[in-house]
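This report describes salt bridges and a surface patch in one protein model. The sequence and structure come first, and the description follows.

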Amino acid sequence: MSAVEARLAELGLTLPAVVPPLAAYQPAVQSGPYVFTAGQLPMVDGKLPVTGKVGAEVTPEEAKQLARTCALNALAAVKSVAGDLDRIARVVKVVGFVASASDFTGQPAVLNGASELLGEVLGDKGVHARSAVGVAVLPLDAPVEVEIQVELVP
């Protein structure tokens, strides 16, 4: 077991299977020392636990937990390409999308769920730049979607 996966276990988490693509793309690709993930929905066992807009059908607290799930799914996608999460030198960038009610402006707090998970799991290697974007709708009516870019050690 890798040190990162041991840390996940300490946190009571397990790395899920890679979420299969919903269309014509790969869950993650490597270019040079970087791995770019596709947008990861908060899928659990092949389905979304919650759907709808944050600030309407979904509370910000629920959405923050869903963002954590997205980040965990993103780590699974990284492992599918890198082979070992211990190869992560650092998380470079996180981009998160929040399907938002028209008056909801708390996207950064929702995306903290993903950022905090990456920090808990990877420590200083999990510190990253980030964008938090509110959108009208996401695939399958998901409340949150997260993609990450990581740099690998050789």
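## A salt bridge within one helix

In this predicted model, Glu-10 and Arg-7 are joined through their side chains by a salt bridge, with N to O at 3.0 Å. A salt bridge here is a side-chain nitrogen of Lys or Arg within 4 Å of a carboxyl oxygen of Asp or Glu. Both residues belong to helix H1 (residues 3–10), where their spacing of 3 residues amounts to about one helical turn. Helices (H or I, at least four residues) and strands (E, at least two) are DSSP runs, numbered from the N terminus.

Glu-10 is exposed, at a relative accessible area of 60%. Arg-7 is partly exposed, at 29%. For these classes, buried means under 20% relative accessible area, exposed means over 50%, and partly exposed lies in between (1.4 Å probe, protein chains only).

## Basis of the model

Residues are numbered from 1 along each chain as its sequence is written, and side-chain values use heavy atoms, leaving out hydrogens and water. As the model is predicted, local features need pLDDT of at least 70 and side-chain atom pairs count only at pLDDT 80 or more, while totals for chains, interfaces and linings use all residues.

The structure holds 5 salt bridges. One of them pairs Glu-116 with Lys-64, whose closest N and O atoms are 3.2 Å apart. Glu-116 is in helix H3 (residues 107–122) and Lys-64 in helix H2 (residues 60–82), so this contact ties together parts that are 52 residues apart in sequence. Glu-116 is partly exposed at 35% relative accessibility, and Lys-64 is partly exposed at 27%.

Arg-68 and Glu-120 also meet in a salt bridge, at 3.2 Å from N to O. Arg-68 lies in helix H2 and Glu-120 in helix H3, so this pair too ties together parts that are 52 residues apart in sequence. Which class of accessibility does Arg-68 fall into? With 18% relative accessibility, Arg-68 counts as buried.

## A nonpolar patch

Leu-22, Tyr-25 and Leu-140 make a nonpolar surface patch of about 280 Å². Patches are made of residues with over 30% relative accessible area and no salt bridge; like charges are joined within 9 Å, and nonpolar side chains (Val, Leu, Ile, Met, Phe, Trp, Tyr) within 5 Å. Accessible areas come from the Shrake-Rupley method with a 1.4 Å probe, and for residues only the protein chains shown count as cover.

Leu-22 sits in the loop between H1 and strand S1 (28–31). Leu-22 is partly exposed, at 47% relative accessibility.
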